[in-house]
Amino acid sequence: MVVLALHRYQSELIASEVRLASLKRQATSHQNTVLDDHGKREAELARLQKQLKVEAAKTEAIKRQAESQAELFEQLIYENRSLKEQLQTLDRKVATSLKKDD
C-alpha cells in the first residue's frame, strides 16, 4: 500500500513537472513574442521618425524655394513695370518726333 501511494505520488510529481515544463515553454514563447512585437514596434517608430525628418526637410526646402520664387516674381514685376514705363516714354518721344516732322 505504501509502495502504491509512493508510486502514485511519483506519477503526480512527474505529471506536475511536465506541466511546469510546458508552462515554462509557453511563458518563454510568450515573452519572445512580446519582445519581438516590442522590437518591431521600436523599428517602426524609428522608421516613422526618420520619415518625419525627411518630410520636414522636404517641407523646409519647398518653403525656401517658394520664398525664392516669390522674390524672383517681385523682381520680374518691377522689371516689367520699368520696361512698360520705358516703352511709354519711347512712344511719347516717337509721337513727339513725328509731330515735329509734320
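This is a predicted model: local features need pLDDT of at least 70, side-chain atom pairs count only at pLDDT 80 or more; totals for chains, interfaces and linings use all residues.
Residues are numbered from 1 along each chain as its sequence is written, and side-chain values use heavy atoms, with hydrogens and water left out.

Let me start with the overall form. The chain holds 1 helix and 0 strands, where helices (H or I, at least four residues) and strands (E, at least two) are DSSP runs numbered from the N terminus. The radius of gyration is 43 Å, well over the 13 Å that the globule rule gives for 102 residues, so the chain is more spread out than a compact globule. That radius is taken over C-alpha atoms, and the globule rule is 2.2 Å times the number of residues to the power 0.38. Along the principal axes, the C-alpha atoms fill a box of roughly 145 × 15 × 10 Å.

How much of the chain is made up of buried residues? The share is 0% of the 102 residues, with buried meaning under 20% relative accessible area, exposed over 50%, and partly exposed in between (1.4 Å probe, protein chains only). Ser97, which is found in helix 1, has a relative accessible area of 37% and is therefore partly exposed. The accessible surface of the chain comes to about 9900 Å², of which 60% belongs to carbon and sulfur atoms; these areas come from the Shrake-Rupley method with a 1.4 Å probe, and for residues only the protein chains shown count as cover.

On that surface, Leu87, Leu90, Val94 and Leu98 form a nonpolar patch with about 370 Å² of accessible area together. Patches are made of residues with over 30% relative accessible area and no salt bridge, where like charges are joined within 9 Å and nonpolar side chains (Val, Leu, Ile, Met, Phe, Trp, Tyr) within 5 Å.

I will finish with the salt bridges. Taking a salt bridge as a side-chain nitrogen of Lys or Arg within 4 Å of a carboxyl oxygen of Asp or Glu, the count comes to 3.

One of them joins the side chains of Arg47 and Glu44, at 2.7 Å from N to O, and these two residues of helix 1 are 3 residues apart, about one turn of the helix. Arg47 is partly exposed at 44% relative accessibility, and Glu44 is likewise partly exposed, at 35%.

Another links Glu55 with Lys58, whose closest N and O atoms are 3.8 Å apart; both lie in helix 1, 3 residues apart. Glu55 is partly exposed at 39% relative accessible area, while Lys58 counts as partly exposed at 46%.

There is also a salt bridge between the side chains of Glu60 and Arg64, at 3.9 Å from N to O. Because they are 4 residues apart in helix 1, Glu60 and Arg64 are separated by about one helical turn. Here too the residues are partly exposed, Glu60 at 37% relative accessibility and Arg64 with a relative accessible area of 48%.
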